[in-house]
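I opened my notebook to look up how this structure is put together. Here are my entries, in the order I made them.

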Amino acid sequence: MSNVYSPLLADLIQALQCLPGVGQKSAQRMAFHLLDRDREAARRLARSLESAANQIGHCEQCRMLTEETVCRFCRSTHRDSSKICVLETPADLLAIENSGAYDGRYFVLMGHLSPIDGIGPTELGLDLLDARLAEGGINEVVVATSVTVEGDATAHLIAALAAKHGVKATRIAYGVPVGGELEFIDSGTLSRALLGRRQIETSPEEAGL
Amino acid sequence: MSERETVHLERGFVLHQRPYRNTSQLVEALTERHGRVGLVARGSRAKGRRALLQPFVPLRLSWTRRGELGTLSHVEADGQAVPLEAQRLLAAYYVNELLLRLLARGDPNEAVYSCYSDCLSSLAAAPSVSRVLRLFELRLLRALGYGLELDRELDSGEPLDPDGRYLYDPEHGPRRVRDRVAEEQVYWGRELIALGAERLDDDDSLKAARRLLGRILERHLGERPLKSRKVMQDLVAKGF
Ligand SMILES: [Zn+2]
């Protein structure tokens with residue numbers, strides 16, 4: 001395979017395969033596209049990767065990926081500083097942000113508890129979260145870890161940490177997706193949804209109708 | 001070319017999984033009749049199998065295999081997830097890591113499987129986590145053919161004396177000591193007898209069991225420390 005292409009081309013195809021979901025075939029397609037069709041985009045991509053890899057680190061307050069010392073979510077003066085939402089990845093942060101239903105602060109674990117992989121409280125930055133809770137001013141920790149054994153275990157740790165500081169911990173509710181038909185939902189999701197059921201609120205006038 | 005193996009609805013548990021080539025997952029499972037198997041779950045994230053492919057959930061797994069790794073073709077639940085909380089969950093991860101380190105793929109051992117599934121149910125319910133762990137370690141070693149000699153003294157062949165003091169030679173067994181030896185290396189006969197009879201009801205026999213089993217396991221595990229143990233220590237150090 002390697003002798004079919006010139007060394008630089010072979011290198012590029014190899015390098016592109018570091019991306020998740022990209023194998024030999026798609027790497028080839030990407031390389032040809034960049035070199036053949038859009039040389040300028042290729043240069044832009046190279047420059048952007050270079051500066052991102054060199055300059056982006058973690059926000060020193062919430063661990064979100066950013067090239068600034070403190071990210072814009074932590075700097076913003078319009079957000080509710082009494083709530084802090086703890087999540088696993090930057091992608092989860094953007095998902096919550098895009099929901100428009102949350103306006104508090106964030107904390108990104110960059111993973112979840114995974115004892116067999118050696119990922120514990122230190123790797124998840126819980127010392128930093130501990131310090132933020134110790135500063136005071138936070139009265140709710142919203143735990144938004146994934147609904148897996150590891151996500152649950154992580155949620156447990158966060159709740160214990162919150163309890164230590166006398167702060168209420170809540171877990172975001174999971175259940176039937178909007179537009180979801182019950183018969184197509186797996187039993188695990190349904191049982192979560194049933195456990196997390198809420199009273200349907202009706203106003204007195206409505207009830208009288 | 002090796003034979004193609006096709007297995008239908010085999011009982012098993014996920015021990016661990018990690019991302020594998022593009023969008024797949026490599027699932028390490030412990031199964032009842034095929035031992036530890038490495039199974040590739042293709043695009044499992046997208047297909048919603050991820051919800052099922054979790055540790056500590058009794059599963060039925062189907063796969064085909066030619067060579068080292070199999071391809072998972074079907075998975076279904078075979079009961080509710082074992083309810084494990086906090087400390088018990090960490091203990092269960094330790095048990096999984098122990099199995100990953102001590103079991104090779106393709107070495108069927110039904111005794112290991114029943115040892116494991118008993119251990120999970122006990123972890124969910126039994127009052128003492130450390131007692132469950134010690135019994136699991138003891139039974140696992142036995143199932144793997146590394147059983148401990150806990151009945152007779154090595155040199156004399158006499159039954160152990162409850163009030164005798166012994167050194168434990170990890171290769172062979174207990175040897176009576178009469179001279180002065182560093183106290184931390186000595187086991188009372190009654191402690192060894194209790195372990196052999198799986199009767200770890202008091203603190204002293206539990207501590208002795210931990211000390212002895214730890215030493216034996218270390219020999220089989222080699223230099224590389226267990227990661228889950230490091231995480232557990234980290235949690236304890238941070239006050240969780
Ligand atoms: Zn930040």
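**Domains.** I began with chain A, where the domain assignment gives domain 1 (7-55) and domain 2 (65-176). Such bounds come from an automatic or database domain assignment. Taken over C-alpha atoms, the centres of domain 1 of chain A and domain 2 of chain A are 34 Å apart.

**Ground rules.** I noted that this is a predicted model, in which local features need pLDDT of at least 70, side-chain atom pairs count only at pLDDT 80 or more, and totals for chains, interfaces and linings use all residues. Residues are numbered from 1 along each chain as its sequence is written, while chains are lettered from A and ligands numbered from 1 in the order in which they are written.

Two strands count as paired if DSSP finds at least two bridges between them. Helices (H or I, at least four residues) and strands (E, at least two) are DSSP runs, numbered from the N terminus.

I looked up β5 (residues 70-77) of chain B, which pairs in the parallel sense with β3 (residues 35-41) of chain B over two bridges. There, B:V40 has B:T71 as its bridge partner. With β4 (residues 59-65) of chain B, β5(B) pairs in the antiparallel sense over seven bridges. B:R60 stands opposite B:E76 of β5(B). Four residues lie between the strands of this β4(B) and β5(B) hairpin, and B:G67 takes a positive phi near 95° in it.

**An open sheet.** In what order do the three strands of the open sheet in chain B come? I found β7-β6-β8, with antiparallel pairing. β7 (173-176) and β8 (186-188) of chain B each have a single partner strand, so one side of each is left without a neighbour in the sheet. From one strand to the next, the twist averages 50°. For this and later angles, axes are lines fitted to C-alpha atoms, for helices over the stretch in contact, and angles run from 0 to 180 degrees between N-to-C directions.

β6 (residues 165-169) of chain B is joined to β8(B) by three bridges, and B:Y166 has B:Y187 as its bridge partner in β8(B). Helix α4 (residues 189-196) of chain B lies across β6, β7 and β8 of chain B, at about 70° to β8(B).

**Helix pairs.** I then checked α2 (residues 110-125) and α3 (residues 129-143) of chain B, whose axes come within 10 Å and cross at roughly 180°. α2(B) and α3(B) are therefore roughly antiparallel (over 145 degrees). The residues of their contact divide into 10 nonpolar, one polar and one charged. Ala, Val, Leu, Ile, Met, Phe, Trp, Tyr, Cys and Pro count as nonpolar, Asp, Glu, Lys and Arg as charged, and the others, Gly among them, as polar.

α3(B) also packs against α5 (residues 203-221) of chain B at about 40°, with the axes 10 Å apart.

**Between the chains.** Last, I looked up the contact of the chains, which takes 19 residues from chain A and 22 residues from chain B. Residues are in contact if their C-beta atoms, placed from the backbone, lie within 7 Å. Helix α7 (residues 149-164) of chain A gives the most to the chain A side, with five residues. That side divides into nine nonpolar, eight polar and two charged residues.

Key: Contact = placed C-beta atoms within 7 Å. Parallel < 35°, antiparallel > 145°, perpendicular 65-115°, else oblique.
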